[in-house]
Amino acid sequence: GCNFIALSENSSGANATHTSVASEINSGGLSRAISSPTHNSGTNVTTLVKTFTASATFSAVQLCGILNASSSGTLGHEATFTSVALVSGDTLQVTWTLTLG
C-alpha cells in the first residue's frame, strides 16, 4: 500500500494528473519516510502518521503525497496544506486519514 509520505515546498498544488510529488524534498530531515499506519476494520479507516524533524531551514512546506515505495513508486494521494516555515529542530506531523469504501 501507499504508506510512504513525501513533502514539498512546491506551490502548484495537488493535481489528479500528477504521478509524483513535484519538487519532492530529499534532505534536511524532510526526506520521504515510511509512516506508522493503523487500520480500524470496524470503520474501514486507515490512518498514516509521520512526524518529521527538520535539520535545515524550509520557507514554505505545503504539499504532501503518499506513495508505495521509498523512492520512485506510485503516487496514491496528494494534498496541499497551509504553508509552514521550519527551522532546524522544528517538527511537522503529517496525518492522512483514509476511509475505504
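This is a predicted model: local features need pLDDT of at least 70, side-chain atom pairs count only at pLDDT 80 or more; totals for chains, interfaces and linings use all residues.
Residues are numbered from 1 along each chain as its sequence is written, and side-chain values use heavy atoms, with hydrogens and water left out.

**Cysteines**

- You will find zero disulfides here (a disulfide is a pair of cysteine sulfur atoms within 2.5 Å).
- Cys2 is partly exposed, at 26% relative accessible area, whereas Cys64 is buried, at 2% (buried means under 20% relative accessible area, exposed over 50%, and partly exposed in between, with a 1.4 Å probe and protein chains only).

**The sheet**

- Three strands make an open sheet with antiparallel pairing, in the order E3-E4-E7 (strands are DSSP runs of E, at least two residues, numbered from the N terminus; two of them pair if DSSP finds at least two bridges between them).
- Strand E3 (36-40) and strand E7 (91-99) are the edge strands, each pairing on one side only.
- On average, neighbouring strands of this sheet are turned by 15 degrees against each other, direction ignored (axes are lines fitted to C-alpha atoms, and angles run from 0 to 180 degrees between N-to-C directions).
- Strand E4 (residues 45-53) is joined to E7 by nine bridges, and the two run antiparallel.
- Val49 stands opposite Thr95 in E7.

Methods:
Helices (H or I, at least four residues) and strands (E, at least two) are DSSP runs, numbered from the N terminus.
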